[in-house]
Amino acid sequence: MSGRAGGALIFSTTHFGCTSISSDDFKIFISPKFPAKPCSTVRILCSSSSSPNLQITTEKFGNDASLTGGAYDFEKATTSLTKKLLFTPKNVTLVRHGLSTWNEEGRVQGSSNLSTLTETGVAQAERCRKALADTHFDQCFSSPISRAKSTAEIIWQDREQPLVFLDSLKEAHLYFLEGMKNVDAMRIYPKEYSTWREDPSNFVVNGVYPLRKLWETASEAWKEILATPGENFLVVTHKSMLRALICIALGLGPERFRAIDINNGGLSVFKFNKRGEAMLQSLNMTAHMYTDHIYLHQNK
């Protein structure tokens with residue numbers, strides 16, 4: 001539709017697919033990222049041809065990612081992790097600890113506290129610190145197990161708030177497999193190890209299912225973190241725990257455990273709305289491991 005009002009030419013259009021609108025003064029093409037999908041209405045106000053300076057004013061209704069380049073607002077993205085309203089939306093950055101001695105030796109780590117950061121792991125933690133130096137965090141939560149604790153201490157140095165260590169962020173307890181080299185575990189406990197690798201949600205020891213237990217503790221961790229005052233949080237923990245945290249936020253069960261992988265020092269970011277529902281914004285970012293990349297958090 002078009003019309004003149006007060007010497008100005010007004011266009012109002014709801015566009016589907018690719019739309020072209022024009023006048024004697026200008027022509028504009030709108031090409032949404034997703035053809036044939038309805039986008040929000042745009043009102044364009046421009047001066048008449050007699051005006052020496054062309055002015056264009058746009059009014060956007062709703063949230064149109066094709067025009068803003070941003071994500072749509074989200075509602076009921078998945079199930080609420082809190083089951084109650086939060087005071088503010090939250091942003092949570094998840095970090096896996098740096099390379100550890102048992103990572104390097106190919107051992108099953110689990111909840112053992114005997115594996116520590118290697119020189120490479122310390123350097124990775126330092127890279128994480130530099131990459132996040134310009135990001136404000138209200139609080140940092142960490143697993144108290146040494147390899148995660150040391151990583152958190154390096155990343156969080158010079159920040160005012162004290163670190164918060166949560167037992168609910170500890171790694172899965174893998175019983176007799178802990179400390180064994182993977183090749184030895186495969187040879188000595190072929191059935192148990194095969195189940196842990198190929199069907200982890202059904203790995204059982206004396207009636208206890210470690211991965212199902214991990215889902216319970218990870219759910220508790222989310223509740224503790226999201227109940228904390230503030231808007232931006234950093235969480236430093238372990239690979240299996242991170243898999244559980246991410247799957248739970250996305251509404252996935254233990255059977256999807258190995259569908260997600262996280263590198264040492266990898267960063268993942270979630271946004272939570274006031275209902276405690278999660279939107280995954282970034283998964284396993286590692287640019288900072290190879291470059292001097294610095295991440296800047298955006299609230300949009």
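The model is predicted, so local features need pLDDT of at least 70 and side-chain atom pairs count only at pLDDT 80 or more, while totals for chains, interfaces and linings use all residues. Residues are numbered from 1 along each chain as its sequence is written, and side-chain values use heavy atoms, with hydrogens and water left out.

Student: How many helices and strands are there in the protein chain?
Tutor: Helices (H or I, at least four residues) and strands (E, at least two) are taken as DSSP runs, numbered from the N terminus. On that basis the protein chain holds eight helices and 12 strands.

Student: Is strand β7 largely enclosed or largely open?
Tutor: Buried here means under 20% relative accessible area, exposed over 50%, and partly exposed in between (1.4 Å probe, protein chains only). In a regular strand the side chains alternate between the two faces of the sheet. On one side of β7, Lys90, Val92, Leu94 and Arg96 are buried, and so are Asn91, Thr93 and Val95 on the other. Because seven of the seven residues of β7 (residues 90–96) are buried, the strand is largely enclosed.

Student: How is helix α3 oriented relative to α4?
Tutor: Axes are lines fitted to C-alpha atoms, for helices over the stretch in contact, with angles from 0 to 180 degrees between N-to-C directions. The axes of α3 (residues 119–131) and α4 (residues 146–156) come within 8 Å and cross at roughly 40 degrees. Angles under 35 degrees count as roughly parallel, over 145 as roughly antiparallel, 65 to 115 as roughly perpendicular and the rest as oblique, so α3 is to α4 oblique.

Student: Which residues in α4 meet α3?
Tutor: Contact means heavy atoms within 4.5 Å. From α3 come Val122, Ala125, Glu126, Cys128 and Arg129, and the residues they meet in α4 are Thr151, Ile154 and Ile155.

Student: What is the relative accessible area of Thr118?
Tutor: Thr118 lies in the loop between α2 (101–105) and α3. Not counting residues up to four places away in sequence, Thr118 touches Leu99, Ser100, Thr101 and Glu104. Thr118 is buried, with a relative accessible area of 9%.
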